[in-house]
Structures are given as C-alpha cells and as structure tokens.
Amino acid sequence: MTDLESFEERDGDIAVHGVLHTPRLPTGEGVVLAHGAGANCDSPVLRAVAAAFAARGVAALRIDLPFRQARPKGPPSPSWAARDREGISRALAVLARRCRGRMIVGGHSYGGRQASMLLAEAPQLAAGLLLLAYPLHAPGRPERRRTEHLITLRTPTVFVHGTRDPFGLVRDIDEARSIMPGPTRLVTVANAGHDLGARADSSFAATAVAELFALLGGPALSVP
C-alpha cells in the first residue's frame, strides 16, 4: 500500500513541487521523477513508474520542473534547461532529508535528458538513473543525436524505450549505450511510441524498476 500526498517545499530560491508516493513499508530509498516537455508531474508515465517504485518500498517524488511551475502549458525554451537541472538537484536534496538510503533519479523524455546531464556533471547525487523514452534526437533528425554528455555518464542506467518511438530507434539507443562508461540495461516496450503506451498498459514500469535494482545489485525488494 502507498500513501499519496501533494508535496511542496522550498529549497533556496527553487520550490520543489509535486506528488509524493510514501510506501507503507519503506526501505529508506528514494527516487525523484521528472516529466517530459509537454507534460507535468501527473503524466501517465510518471504515475506508473512512481507506483512501481513505491510497491518496492521506495519513496517516489514526481516533480513539476521549474519551467512547468512557471507556466502550466507548453514546452520549455532552451534557456530553462539549467534551471530545470537545478530543480532536479534540489528535489533530490529535499527527498534525501526524508530518506536515508540510496537516491535514484529518473525522467521521461526531456526530464530524463536533464537528469542524465545533471548526473554526468554531478554523479554523487544519485546511485541510479532511469531514462524513460530518452529523446535521442528530434523526430526526423537522426543525424543530430543528443549524446555528448553520455560519454562521461558513469551512473548505472536503465533505458526504457518503445519500438515505435520517433525520437530514436531501439538500435540507436543501443549505440548510445555503447559509448557510456557506466553499466546500462535496456527495456524495450513492443509497439509503443514516445509515451511508452502507459495509458493502455503500464506493465513496463515494474519491469524497468526491477531491472534498475538488478543493475544496482539489489534491493529494493517487492513488498507484499
């Protein structure tokens, strides 16, 4: 069982805002999850993944990135990227005050890209990374891959990718994984696009979380 609560706490000049999944039998570990460019913390992907973490006893904080707090709709401009990464960092700091175990970070699309860039610069912030539909390139622009920072990303990382995602083919994700110095795994979601099909079938979430903890060498364990 999991308790849900609206969450808002200020850390310096940045507000951490979202929804916290608090497991009834906590392991002491925590995860911060960031949404994509067109979504917010209530996106189906984040809800499914947060529930899967909480089912294993991990406190899961779905956050609204700073750009989304500034305006309720529309994608971020490039000028927001650094502040959004800082928002993820502050959320990790806030959640770490409640959770004494390992911290994990993950994100869908834009949120995952910003999380990966953050950990490439500051790997001490989290023990593991979950990239949900990583936006390897803009649709129709496969020659312009967003991989520059991946060559320094040592954090254990699980990619979750749909076989029909226009932001990157599965084989291209495998190529990106090959340049990363840290350990990685890939979970493919058959016939899913960039939304991972989360509205219709969220079973990928439990698989992804299990793969991440296997990569990290254990627990969290499933909580009955």
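These legends walk through several close-up views of a predicted model.

**View 1. Helix α1 meets helix α6.**
Let us begin with two helices that pass each other: α1 covers residues 44–55 and α6 covers residues 203–216. Their axes come within 8 Å and cross at roughly 50°, so the two helices are oblique to each other. The crossing of α1 past α6 is right-handed. On the α1 side, the contact is made by Ala48, Val49, Ala52 and Phe53. On the α6 side, look for Phe204, Ala205, Ala206, Val209, Leu212 and Phe213. What kinds of residue make up the contact of α1 with α6? There are 10 nonpolar residues, with no polar and no charged ones.

**View 2. Helix α3 packs on helix α4.**
Here the pair is α3, residues 81–96, and α4, residues 110–121. Their axes lie 9 Å apart and the packing angle is about 75°. Angles of 65 to 115 degrees count as roughly perpendicular, and α3 and α4 are therefore described that way. From α3, the residues in the contact are Ala81, Asp84, Arg85, Ile88, Ser89 and Leu92. From α4 come Tyr110, Gly111, Gln114, Ala115, Met117 and Leu118. Sorted by class, the contact of α3 with α4 has 7 nonpolar, 3 polar and 2 charged residues.

**View 3. Cys41 and Cys99, without a disulfide.**
How many disulfides does a search of the whole structure find? The search finds 0. Cys41 is in no disulfide, and the nearest cysteine sulfur to its own, that of Cys99, is 17 Å away. Seen from the other end, Cys99 has Cys41 as its closest cysteine by sulfur position, and 17 Å is too far for a bond. For comparison, a disulfide needs the two sulfur atoms within 2.5 Å. Are these cysteines buried or exposed? Cys41 is buried, with a relative accessible area of 3%. Cys99 also counts as buried, at 9% relative accessibility.

**View 4. Arg146 and its contacts in a loop.**
Arg146 sits in the loop between β6 (128–132) and β7 (157–162). With 22% relative accessibility, Arg146 counts as partly exposed. Which residues does Arg146 touch, once its neighbours within four places in sequence are left aside? The contacts are Arg113, Tyr134, Pro135, Leu136, His137, Ala138 and Phe167. To get a sense of distance, find Leu46 as well: Arg146 and Leu46 are 100 residues apart in sequence and 22 Å apart in space, C-alpha to C-alpha.

**View 5. Ala133, a positive phi in the loop between β6 and β7.**
This view stays in the loop between β6 and β7, where Ala133 lies. The phi of Ala133 is near 55°, a positive value in a residue other than glycine. Ala133 is buried, and its relative accessible area is 0%.

**View 6. Asn191, a positive phi in the loop between β8 and α6.**
Our last stop is Asn191, found in the loop between β8 (184–189) and α6. Asn191 is not a glycine, yet its phi is positive, near 65°. Is Asn191 buried or exposed? At 55% relative accessibility, Asn191 counts as exposed.

How values were computed. Residues are numbered from 1 along each chain as its sequence is written. This is a predicted model: local features need pLDDT of at least 70, side-chain atom pairs count only at pLDDT 80 or more; totals for chains, interfaces and linings use all residues. Side-chain values use heavy atoms; hydrogens and water are left out. Axes are lines fitted to C-alpha atoms, for helices over the stretch in contact, and angles run from 0 to 180 degrees between N-to-C directions. Helices (H or I, at least four residues) and strands (E, at least two) are DSSP runs, numbered from the N terminus. Angles under 35 degrees count as roughly parallel, over 145 as roughly antiparallel, 65 to 115 as roughly perpendicular and the rest as oblique. A crossing is left-handed if the near helix is turned anticlockwise from the far one by less than a right angle, and right-handed if clockwise. Contact means heavy atoms within 4.5 Å. Ala, Val, Leu, Ile, Met, Phe, Trp, Tyr, Cys and Pro count as nonpolar, Asp, Glu, Lys and Arg as charged, and the others, Gly among them, as polar. Buried means under 20% relative accessible area, exposed over 50%, partly exposed in between (1.4 Å probe, protein chains only).
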